[in-house]
Amino acid sequence: MAIVTGAARGIGAATAKRLAADGFAVGVLDLDAGTTKDTVTAIESAGGSALGVGVDVADAAAVKAAVEQVAAELGPPLVLVNNAGITRDNLLFKMTDEDWDAVLAVHLRGSFLMSRAVQGYMTQATWGRIVNLSSTSALGNRGQANYATAKAGLQGFTKTLAIELGKFGVTVNAIAPGFIVTDMTAATAARMGISFEDMQAQAAAAIPVNRVGQPEDIAHAVSYLASDGAGFVSGQVLYVAGGPTV
Ligand code: NAP
């Protein structure tokens with residue numbers, strides 16, 4: 001079975017549905033169990049099986065309980081997608097301690113806690129796949145000192161887990177999306193005081209494939225990295241951004 005965090009909406013929801021279509025039972029984790037209903041219903045309507053569980057990925061006890069619950073109901077988790085994420089954008093001089101801590105807690109501590117909680121199932125099965133959601137912001141992005149730091153940190157985390165877990169048949173990779181149409185980017189547009197349509201048009205003009213990304217673009221990349229055939233790909237950062245990144 002596969003676990004996807006932050007799977008109530010956006011990239012996580014698309015990824016959960018895609019992994020279900022690939023044949024995995026899916027643990028659909030998000031902050032509030034109630035919000036996972038749409039994703040779970042979509043998977044079940046398509047003939048798959050899924051379980052929605054509420055968990056704050058930054059809370060060690062809650063993570064342990066959630067992983068144990070999905071493992072008991074759906075079987076050992078052999079795929080983990082660390083997707084849950086938040087932004088608290090601000091220029092450095094305006095960024096609060098809380099903005100910094102909240103972003104690092106969800107992305108870094110959350111991915112650490114989730115990975116630690118599932119690794120035993122994977123090493124025991126001598127097969128596993130961990131995919132961490134990084135971002136092109138890891139390369140630096142104005143107003144995102146906290147987020148860029150977390151997303152760059154996830155790349156080091158990815159490479160280290162790949163080294164530690166490889167001999168147990170577990171691959172660990174990161175996907176670094178560019179501009180993807182989700183509530184997260186819609187909120188950024190609102191914060192910047194521009195319409196989401198204008199923001200997408202501006203972004204698309206600067207992207208070599210001449211369009212913005214959709215959650216399914218990322219789900220497709222996760223599907224590949226989670227596949228059996230990708231077993232020799234580990235410790236990599238796959239930029240899924242419609243063009244090269246500098
Ligand atoms: P989204 O639409 O905002 O969805 C994120 C989900 O994560 C939400 O359902 C959110 O729940 C959940 N979440 C937040 N904090 C959590 C926590 N502590 N524990 C469990 N779940 C939590 O975001 P998205 O655009 O799909 O992004 C998904 C991932 O891709 C994130 O890691 C993001 O940084 C990364 N990414 C996105 C883009 C992009 O352009 N959209 C680009 C690069 C990377 P609530 O709704 O309850 O807050």
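A polar contact, as I use the term, is a pair of N or O atoms within 3.5 Å; within protein, one must be able to donate a hydrogen and the other to accept it, and residues adjacent in sequence count only if both atoms are side-chain atoms. What you see is a predicted model, where local features need pLDDT of at least 70 and side-chain atom pairs count only at pLDDT 80 or more, while totals for chains, interfaces and linings use all residues. Residues are numbered from 1 along each chain as its sequence is written, and side-chain values use heavy atoms, with hydrogens and water left out.

I'll start with the ligand. A polar side-chain atom of Lys 151 lies 3.0 Å from an oxygen atom of the ligand. For Arg 9, a polar side-chain atom is 2.6 Å from a ligand oxygen. Asn 83 uses its backbone instead: an N or O atom there lies 2.8 Å from an oxygen atom of the ligand. On its own the ligand has 900 Å² of accessible area, and the protein covers 90% of that (Shrake-Rupley method, 1.4 Å probe).

Which elements give two or more residues to the shell around the ligand? They are α1 (10-21), α4 (97-125), α5 (145-165) and α6. Helices here are DSSP runs of H or I, at least four residues, numbered from the N terminus. The one that gives the most is α6, with 3 residues. In total, 29 residues surround the ligand, and Arg 9, Asp 30, Asn 83, Tyr 147 and Thr 182 are the closest; the criterion is a heavy atom within 4 Å.

Thr 182 also caps the N-terminal end of α6, with a side-chain oxygen 3.1 Å from the backbone nitrogen of Met 184. Just after α6, Gly 193 has a positive phi of about 75 degrees.

Within α6, Thr 185, Thr 188 and Ala 189 are buried, meaning under 20% relative accessible area, with exposed being over 50% and partly exposed in between (1.4 Å probe, protein chains only). Why are these three on the same side of α6? Because they cover an arc of only 100 degrees around the axis, taken from the directions from the helix axis to the C-beta atoms.

Next is α7, residues 196-205, where Phe 196, Met 199, Ala 203 and Ala 204 are buried. Their arc is only 130 degrees, so they too sit on the same side of the helix. Glu 197, Gln 202 and Ala 205, on the other side of α7, are exposed.

Finally, the cover, where contact means heavy atoms within 4.5 Å. The buried residues of α7 have α6 (183-192) as part of their cover, and α7 is among what covers those of α6.
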